[in-house]
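This report is meant for a reader who is meeting the structure for the first time. Please keep the sequence and the model in view while reading.

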Amino acid sequence: MEEKKRELIRNLIAEGYIKRKEVAEAMMKVPRELFVPEELRHMAYEDTPLPIGAGQTISAPHMVAYMVEAAELRRGDKVLEVGTGSGYHAAVMAELVGPEGHVYTIERIPELAERARERLKALGYNNVTVLVGDGSKGYPPAAPYDKIIVTAAAKRVPEALLKQLKVGGIMVIPVEEEPGYQVLYKIIKTPEGYVIKKLLPVAFVPLIEEE
Ligand code: SAM
């Protein structure tokens, strides 16, 4: 497993997805095999999304690397993740923000949230809080956030998330611009408004918003 993990990370560096050594170290530390169903453990270090139950997926490692690089995660950051899924992405971010930072992660499917919470606790991630609910509304009690990462595709950028981002903060979010066509946005909040950079076409499960 360790050799497969090392090879995956070497490839992600060679392909340009991992740029900073901190990201390589964070991904080296997190055991992805413990975030996928037991029968798929042998595929944990293939660069592909995998099913995690309830019709959802754990994102491919290159997408996790790409998103944390785009969000410029740093030690001490307070991060909000929408779409906990398996908890893997949250664990990678917890490594990057360190004990002086914190990751709040929201999942709408209670069974997935519960499983992620147990895994993260067993692995000793005390700087992650797993919440159940509609993440498109954010989590106002801990706002504002340095970074917000959304791991499901929204029809439009939720207003509540923009509000809960710090000035100078970064949000990375897939947006379905047209049916079947999603683009990953990097949004920087400035004192004057928002700067939106369109990064690349992507394929995420939909963000399900409550009415
Ligand atoms: N980050 C995850 C990981 O590391 O395993 C992968 C997330 S998966 C691609 C997207 C997740 O977003 C799914 O688990 C889905 O249930 C969740 N989701 C969709 N809409 C949501 C919403 N409004 N609030 C919270 N979670 C949502």
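This is a predicted model: local features need pLDDT of at least 70, side-chain atom pairs count only at pLDDT 80 or more; totals for chains, interfaces and linings use all residues.

Residues are numbered from 1 along each chain as its sequence is written, and side-chain values use heavy atoms, with hydrogens and water left out.

**Around the ligand**

The ligand is surrounded by 27 residues, and the closest are Ser86, Glu107, Asp134, Gly135 and Ile208; a residue is near a molecule if one of its heavy atoms lies within 4 Å of it. Polar contacts are pairs of N or O atoms within 3.5 Å; within protein, one must be able to donate a hydrogen and the other to accept it, and residues adjacent in sequence count only if both atoms are side-chain atoms. A polar side-chain atom of aspartate 134 lies 2.8 Å from a nitrogen atom of the ligand, and a polar backbone atom of glycine 135 is 2.8 Å from a ligand nitrogen atom, whereas for a polar backbone atom of glycine 83 the distance to a nitrogen atom of the ligand is 3.1 Å.

Aspartate 134 sits in the loop between β5 (128-132) and β6 (145-150), where helices (H or I, at least four residues) and strands (E, at least two) are DSSP runs numbered from the N terminus. The side chain of aspartate 134 also makes a polar contact of 2.7 Å with that of serine 136. Beyond its neighbours within four places in sequence, aspartate 134 is in contact (heavy atoms within 4.5 Å) with Ile106, Ile208, Glu209 and Glu210.

**Helix α4 and the annotated serine**

Buried means under 20% relative accessible area, exposed over 50%, and partly exposed in between, with a 1.4 Å probe and protein chains only. Helix α4 (residues 88-97) is largely enclosed by the rest of the structure, because 9 of its 10 residues are buried, among them Tyr88, His89 and Met93. Just after α4, glycine 98 takes a positive phi of about 70°; glycine 98 is buried as well, with a relative accessible area of 4%, and touches Arg75 and Asn127, not counting residues up to four places away in sequence.

According to UniProt, the feature "active site" is at Ser59; such positions are given in the numbering used here, feature names are shortened, and annotations may be inferred rather than shown by experiment. Serine 59 lies in the loop between β2 (56-58) and α3 (61-70) and is buried, with a relative accessible area of 17%.

**Salt bridges**

A salt bridge is a side-chain nitrogen of Lys or Arg within 4 Å of a carboxyl oxygen of Asp or Glu, and the whole structure holds 13 salt bridges.

| Pair | N to O distance |
|---|---|
| Arginine 10 and glutamate 3 | 3.3 Å |
| Glutamate 177 and lysine 198 | 2.7 Å |
| Glutamate 210 and lysine 137 | 2.6 Å |

Glutamate 210 lies in the segment after β9 (193-202) and lysine 137 in the loop between β5 and β6, so this pair ties together parts that are 73 residues apart in sequence. Lysine 137 is partly exposed, at 42% relative accessibility, whereas lysine 198 is exposed, with a relative accessible area of 53%.
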